[in-house]
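Work through the exercises below with the structure open beside you. Try each task before reading its solution.

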Amino acid sequence: MEAIKNFINACAVPSRMFPVIVLLFFFVFPVNSFFEKYNKLFFLDRLWTKKGGIFLFSTLTMFLSIGMLDENFRHTVSKPDNLPIVGLIYASLFFLWVALSQARENDLRLEKNEKPKEWHDSQEKILVWPDLVSIELIAMLFALGFLFTWGILVDAPLEEPANLATSPNPAKAPWYFLALQEMLVYFDPALAGVIFPTLIVVGLMAIPYIDNNHKATGYYTFKERKLAITIFLFGWIILWLFMMVIGTILRGPNWNFYGPFEYWDPHKVEALTNINLSEYLYVIGLNMGLPGNIFIREAPGIFLISLYFIGGGFLLTKTVFKNLFKSLGPLRYSFFLVLLLFATSLPIKMTLRWLFNLKYIVSIPEFFFNI
Amino acid sequence: MSKEKVTRRVFVSWIFLGWTLFLACLGGLGTMLLRYLFPNVLFEPSQSFKAGYPENYAVGEVSLLWKSKHGVWIVRTAEGLYALSAVCTHLGCTPNWLSGEKKFKCPCHGSGFRFSGINFEGPAPRPLERFKILLGDDGQILVDKTKKFQQEKGEWNDPASFLAI
């Protein structure tokens, strides 16, 4: 048991876990025929059948309940602050399964040139009153009963009056902001606190204007909207839910990483000396001091950033998004590309930090400008 | 009820009286509101404070004495003393001094600062700020928080940011 726990703790180090999860994601949600082949080979498409749903649900429940035997894990998971996260994992898994199992069913129908399931629903009429309204009333009563029970059983996590001179250790944001807090670890506050959240909101609002694929209106499907669903789910599952779970379960005192079964030792020593790109290049690479001129000092970083946005954008357009460029047109496509490049910059920067302790690619603290 | 005829003169004088009273009340209320902004007693520590005698500080140690009241760490090195601001330069949480690891560590996003206040881990983009520190006429250390010194601007070379002993 200890060996398994230690193994899981070792796997939970983000630099190991993150690439695995990202890779797994693309096999579970195949964007092209290459991934689709392996998706079928490993029966990953069966996850969205009834049996697959039971498998997912029972695996998660088994992991949680066996994990609860461990004192450290129990302490983190059963904190009143963290209960919503456990609920969130279940709820998002459930809704993901509901959507994708219907999508799978419809995809099988469409392959046989049949009409999707929802098409038959729309032939049938149901009255709002009393059919829908009574269902809504029952749902409301259940939700209310659930909230009352929760409110009675679990006390609100109140602490002593706030004191400017002591921040709780670890100081965690409310659970719904934990992904943003995780983002702040890797970026300058202006970028992670203002620009990225704005881009997320603007990007979400822009989706209906960017997406001109009129297939799959009114019914669930995956095969007809592979790219749209995959991009959305990548943002939702990996960049939002997964980061929330990291923030809840894996972040402990001094905002260090702790495995799920690891004791939260506030004196855990972790060497995290971060180095800017300019220091990597001039001090370690060329063995000289940092240039005095800010622009010479930061030129490599600025070059890399522009290479990422201009060169990377160009490369994507010429290769994987060739057809998308044609179907979206230049204006829609460029908005899509810029938003996508911003979104992927987050996991890239996170990985660079974990692997190379890279602090900032462009670092101009003189003007509060850091990327 | 008798129908008394209200003359124009009477009407105007009543109106005048009414408005005067109304404006007086308004003025009084306004004065009270303004007064409310300047309380008799301010429960805030003053921006500058006396921090005892330099002999009280051991070489190579970070003093936590003034952290909770003034948000200042006083650090004693072999050369002298400096006052570090206990506000993280990332998003303004209060870091903790970890004496075992000889570093300041912020509990919010994991920024770490060395003994000197230089940032070296986590996202903090610049070093902790230092405050003006000088020796008073009575031989006590005086810390003035209204004047701060930022390393990235080269201000730590300013003699007022460091008390040489």
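## Exercise 1: A buried charged pair

A:Glu298 is buried, with a relative accessible area of 1%. Buried means under 20% relative accessible area, exposed over 50%, and partly exposed in between (1.4 Å probe, protein chains only). This is a predicted model: local features need pLDDT of at least 70, side-chain atom pairs count only at pLDDT 80 or more, and totals for chains, interfaces and linings use all residues. Residues are numbered from 1 along each chain as its sequence is written, chains are lettered from A and ligands numbered from 1 in the order in which they are written, and side-chain values use heavy atoms, with hydrogens and water left out.

**Task.** With which residue does A:Glu298 form a salt bridge?

**Solution.** 
1. Apply the cut-off: a salt bridge is a side-chain nitrogen of Lys or Arg within 4 Å of a carboxyl oxygen of Asp or Glu.
2. The partner is A:Arg297, with the closest N and O atoms 2.7 Å apart.
3. Check the partner's surroundings. A:Arg297 is buried, at a relative accessible area of 10%.

## Exercise 2: Salt bridges in chain B

**Task.** Locate the partners of B:Lys105 and B:Lys148, and state where each pair sits.

**Solution.** 
1. Begin with the total. Over all chains, the whole structure holds 16 salt bridges.
2. B:Lys105 pairs with B:Glu121, and their closest N and O atoms are 2.8 Å apart.
3. This pair links distant parts of the chain: B:Lys105 is in strand β6 (residues 103–105) of chain B and B:Glu121 in strand β8 (residues 119–121) of chain B, 16 residues apart. Helices (H or I, at least four residues) and strands (E, at least two) are DSSP runs, numbered from the N terminus.
4. B:Lys105 and B:Glu121 are both buried.
5. B:Lys148 pairs with B:Glu129, the closest N and O atoms being 3.9 Å apart.
6. B:Lys148 lies in strand β10 (residues 141–149) of chain B and B:Glu129 in the loop between β8 and β9 (130–135) of chain B, so this pair ties together parts 19 residues apart in sequence.
7. B:Lys148 is partly exposed at 40% relative accessible area, whereas B:Glu129 is buried at 12%.
8. Look for shared partners. Salt bridges join B:Glu101, B:Lys103, B:Lys105 and B:Glu121 into one network.

## Exercise 3: The contact between the chains

**Task.** Describe the contact between chain A and chain B by residues, area and polar pairs.

**Solution.** 
1. Count the residues with heavy atoms within 4.5 Å. Chain A supplies 31 and chain B 26.
2. Take the buried area, which is the accessible area (1.4 Å probe) that two parts lose on being put together, summed over both. The two chains bury about 2,100 Å² between them, 51% of it on carbon and sulfur atoms.
3. In chain A, A:Ala165, A:Ser167 and A:Asn254 lose the most area to chain B, together 23% of what that side buries.
4. Salt bridges between chain A and chain B number 0.
5. Polar contacts need a pair of N or O atoms within 3.5 Å; within protein, one must be able to donate a hydrogen and the other to accept it, and residues adjacent in sequence count only if both atoms are side-chain atoms. Between chain A and chain B, 8 residue pairs are in polar contact (both at pLDDT 80 or more).
6. Helix α9 (residues 178–186) of chain A gives the most to the side of chain A that touches chain B, with 3 residues.

## Exercise 4: Backbone features of chain A

**Solution.** 
1. The bond from A:Trp129 to A:Pro130 is cis, with omega near 5 degrees. A:Pro130 lies in helix α8 (residues 128–153) of chain A.
2. The bond from A:Asn169 to A:Pro170 is cis too, with omega near 0 degrees. A:Pro170 lies in the loop between α8 and α9 of chain A.
3. A:Asn113 is in the loop between α6 and α7 (117–121) of chain A. A:Asn113 has a positive phi of about 60 degrees, although it is not a glycine.
4. A:Asn113 counts as exposed because its relative accessibility is 74%.
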